[in-house]
Amino acid sequence: MFRFEELEICKLAIEYANDMYDFADKLPVSEKYNLADQLRRAALSISHNIAEGSRAGTDKNFSYYLDISI
């Protein structure tokens, strides 16, 4: 198990990404590609930054990636 998998913030970020995917699927056809894609990528980047930061080694580096995810 990786360090980030135990963090509540990471679990919430994944849940948020799932919610944004559901929301993006409900957008009008005119927004399906541009806005929907941007929402999905932004939502995924939160958990990706948390995961990447957990591999950063030091608490200071991890804190930096958490700041980015916010």
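Me: What pattern does the protein follow, read along the sequence?
Reply: The pattern is α-α-α. This is a predicted model, by the way.

Me: How many helices and strands is that?
Reply: Three helices and zero strands.

Me: And what radius of gyration does the protein have, against a compact globule?
Reply: The protein has 14 Å. A compact globule of 70 residues would be near 11 Å.

Me: What does the C-alpha trace span along its principal axes?
Reply: About 45 × 20 × 15 Å.

Me: What share of the residues is buried?
Reply: Buried residues make up 27% of the 70.

Me: And the accessible surface, what does that come to?
Reply: About 5200 Å². Carbon and sulfur atoms account for 55% of that surface.

Me: Switching to charge. How many positive and negative side chains are there?
Reply: There are 8 positive and 12 negative side chains. The centres of the two sets lie 3 Å apart.

Me: Back to the fold. What part of the contacts comes from residues 24 or more positions apart?
Reply: They account for 38%, counting contacts with a separation of 6 or more.

Me: Let's look at helix H3. Which residues are buried there?
Reply: H3 runs over residues 59-69, and Phe 62, Tyr 65 and Ser 69 are buried in it. They cover an arc of only 60° around the axis, so they sit on the same side of H3.

Me: Which residues are exposed on the other side of H3?
Reply: Lys 60, Tyr 64 and Asp 67.

Me: What do the buried residues of H3 pack against?
Reply: Helix H2, residues 34-54.

Me: Take Ser 69. Buried or exposed?
Reply: Ser 69 has a relative accessible area of 11%. The cut-off for buried is under 20%, so at 11% Ser 69 counts as buried.

Me: What does Ser 69 contact, leaving aside neighbours within four places in sequence?
Reply: Ile 46, Asn 49 and Ile 50.

Me: And how far is Ser 69 from Arg 40?
Reply: The two are 14 Å apart, C-alpha to C-alpha. In sequence, 29 residues separate them.

Me: You mentioned Asn 49. Which helix does Asn 49 lie in?
Reply: Helix H2.

Me: Why does Asn 49 count as buried?
Reply: Because its relative accessibility is 16%, and buried means under 20%.

Me: What is Asn 49 in contact with, again leaving aside neighbours within four places?
Reply: Tyr 65, Ile 68 and Ser 69.

Me: Next, Ser 54. Where is Ser 54?
Reply: Ser 54 lies in helix H2. This serine is buried, with a relative accessible area of 11%.

Me: What does Ser 54 touch, not counting residues up to four places away in sequence?
Reply: Arg 3, Phe 4 and Phe 62. Phe 62 is one of the buried residues of H3.

Me: Last one, Leu 66. Which helix?
Reply: Leu 66 is in helix H3.

Me: Buried, exposed or partly exposed?
Reply: Leu 66 is partly exposed, with a relative accessible area of 26%.

Me: How far apart are Leu 66 and Ser 54?
Reply: Their C-alpha atoms are separated by 9.0 Å. Along the chain, the two residues are 12 apart.

Notes:
Residues are numbered from 1 along each chain as its sequence is written. This is a predicted model: local features need pLDDT of at least 70, side-chain atom pairs count only at pLDDT 80 or more; totals for chains, interfaces and linings use all residues. Side-chain values use heavy atoms; hydrogens and water are left out. Helices (H or I, at least four residues) and strands (E, at least two) are DSSP runs, numbered from the N terminus. The radius of gyration is taken over C-alpha atoms; the globule rule is 2.2 Å times the number of residues to the power 0.38. Buried means under 20% relative accessible area, exposed over 50%, partly exposed in between (1.4 Å probe, protein chains only). Contact means heavy atoms within 4.5 Å. Accessible areas come from the Shrake-Rupley method with a 1.4 Å probe; for residues, only the protein chains shown count as cover. Lys and Arg count as positive and Asp and Glu as negative; His and the chain ends are not counted. The place of a charge is taken as NZ of Lys, CZ of Arg, CG of Asp or CD of Glu. The arc is that of the directions from the helix axis to the C-beta atoms.
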